[in-house]
Amino acid sequence: MKENMIEIRGLTKAYGEKIAVDHLNLSIRKGEVFGLLGPNGAGKTTTTLMLLGLTDPTSGQATIREKDCTRDPIDVKRMVGYLPDNVGFYTDMTGRENLYFTGRLNGLEKEEIERRADELLERVGMTEAADKKTGTYSRGMKQRLGIADVLMKDPEVIIMDEPTLGIDPQGMRDLLRLIRELAEQDGRTILISSHQLYQIQQVCDRVGIFVEGKLIACGTIRELGQRMERAGKYTLELAAEPDNEALMQLLGGMEGATSVERENDLILVRSGSDIRKKATLLLAANGYTVLQLRQKGGDLDEIYSRYFEQAEEGERAAATEREKKRAPRIFGKRA
Amino acid sequence: MLPESLENALRKFAQKYAPQQAVGLKALYEKEMMDHIRSRKFQMILILVLITSYASLYGAISGLSDSTSEYLFLSMYTTSGNSIPSFLSFIALLGPFVGIILGFDGISGEKSDRTLYRIAAQPIYRDSIINGKFLAGASLITVMVFVMGISIGAIGLIVIGFPPTVEEVARIFVFLLFTVIYICFWLGLSLLFSVVCNNAATSAMASIGLWIFFSLFMSLVASMIAGIVYPVNTQMQQLYNSYANYALDLNLNRISPYYLYSEAVTTIMNPSVRSVNVVTMQSLDGAISGYLGFWQSVLLVWPHLAGLIALMLATFTGSYVCFMRQEIRAK
């Protein structure tokens, strides 16, 4: 068991009535790449800002290597590198000068700053553009310079906010490779907050799904998929020949199947249990040829939308509940 | 010369025990200084201010032949030539502009360039960001004002060929000191607006609005209020109210840093000014006309100095408090 690098306990942030982060509990191990996934406005950025001590939590506590993020922000910021969403640089300074400045803010010595800046510019492939003003940089270049900037202080933990946004496919591959490298070779802990599931899926060891300030699921992608299955929600994706109405009826009549629908040339069968075996036997017995059969649930997109649906349903139920409670009071006021 | 190993050891020691605050502040201060000096807008105002100061010097020298003052050297700063205002009034009017230019996009610029998050995520205390900005601006103002004041004196010296006395030099020094504080007030004010407004343009507009109000309209407002409180429309009212009316008018005007500064530097640079308040015939009775000594003049404007420093500190503290309380948060 590796030691925990980031520990978040009961972290809450409320802006007036609105609760941005609601009693968040999370531990991230050393050397792990953790993806914090959620739609816009789920409270991901607020969480990362609280980890850096830039925003004070309403209640709860976050620690990074046993340092309290609210009480010791300076110590925390010394070992945490933060790459903000849409990172900005001083436009009338060159890329290299921007890195030097970050080095000076971290109290590094001049020779050390120059050595690291050269090395990092090389690593992110920005050596050629290093002496151009950052005002002329494209978004992808800024992002790469941003990573070099984060690495200037040689951080143990890196927090990235939407790092994959607005980068071209080649840049994306480079970025993802770099992230893996930072975790595997350098042993850094990386927390990525994003709403781009596909990219995150490729690099993360574990993901947490974050909706409306709550962490509704957390684990490896496989774990999340299995948990979904245990929750009694199965979707079978199949294609068979001859593809006709009788096939649909046959599948719909199966024991355990809750619904059957058509999606392009595939048929989706939702059920409360694993019906793969039964379906195969049934189709074979009725003279159908199975062309394709797949249990859905393996990729993040699906897991995410499933969890998201669940959370939304829960939210809707809670909302109606609240509505019911509120209604008499309104009438009471009128009367 | 220290041996290299010892020097290295000393540097390491200093690095280890230097407070983190000083490290961050120093880096930010240097960066701000460099930013200002390189920036187009600073170079622009520098040229503008230089041209106007030399123009005023030219005007003063051409008008100097009519001067009867014993303090010829000071007259270069205070005399206005034909249609060209004096150096003093130029600085009173244009000085705020320098302060505003240096400060108006201080924090809002960092926000709109999205650099504030990156800086705030470095291991520095948050107040060193705003302290660095203010200190860099203030140092630049100090250098600029003293260089300008002394260069005017130097050129004037060559042209008129009449050396200043020690007292005159002291007076010029106090005048320049007042100027620095006065411009720093405007720097603090524009920094305050840059914290409060998220948009650099809004912050610039607010500062410039106040500048124009204080320089041009404050006197109108003051006389209007004084006229309402102590009306002087009939002869009877004039008899009873004119003293109170004038005193109120004066005190209201003094709220404006522009007036406060003008009054103070006029007194300092013109030894024949003997009082800054209302003087009645009674108090003049038996007085011998003459010049005030240096310390007497300083004594006269001591409250002005205190007032200007207080105003400067108030605006800077305001921006400091607002910035520290403001949450750095996602948009």
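**Cavities in the model**

On a 1 Å grid over the protein atoms alone, a cavity is a set of points where a 1.4 Å probe fits but cannot get out, and its lining residues have an atom within 4 Å of a point; the volume is the space filled by probe spheres set on the points, which are joined across faces, edges and corners. This is a predicted model, in which local features need pLDDT of at least 70 and side-chain atom pairs count only at pLDDT 80 or more, while totals for chains, interfaces and linings use all residues. Residues are numbered from 1 along each chain as its sequence is written, chains are lettered from A in the order in which they are written, and side-chain values use heavy atoms, without hydrogens or water.

The second largest cavity, with a volume of about 40 Å³, is lined by residues of both chains, including Y82(A), D149(A), R118(B) and Q122(B). The largest cavity has a volume of about 60 Å³, and its lining, which includes V49(B), G95(B) and M148(B), divides into 9 nonpolar residues, 1 polar and no charged, where Ala, Val, Leu, Ile, Met, Phe, Trp, Tyr, Cys and Pro count as nonpolar, Asp, Glu, Lys and Arg as charged, and the others, Gly among them, as polar.

**Where the chains meet**

The contact (heavy atoms within 4.5 Å) takes 31 residues from chain B and 35 residues from chain A. Across this interface there are 3 salt bridges, each a side-chain nitrogen of Lys or Arg within 4 Å of a carboxyl oxygen of Asp or Glu; R38(B) and E97(A) meet in a salt bridge, at 3.0 Å from N to O.

Methods:
On a 1 Å grid over the protein atoms alone, a cavity is a set of points where a 1.4 Å probe fits but cannot get out, and a pocket is an open set with protein on both sides within 12 Å along at least five of seven lines; lining residues have an atom within 4 Å of a point.
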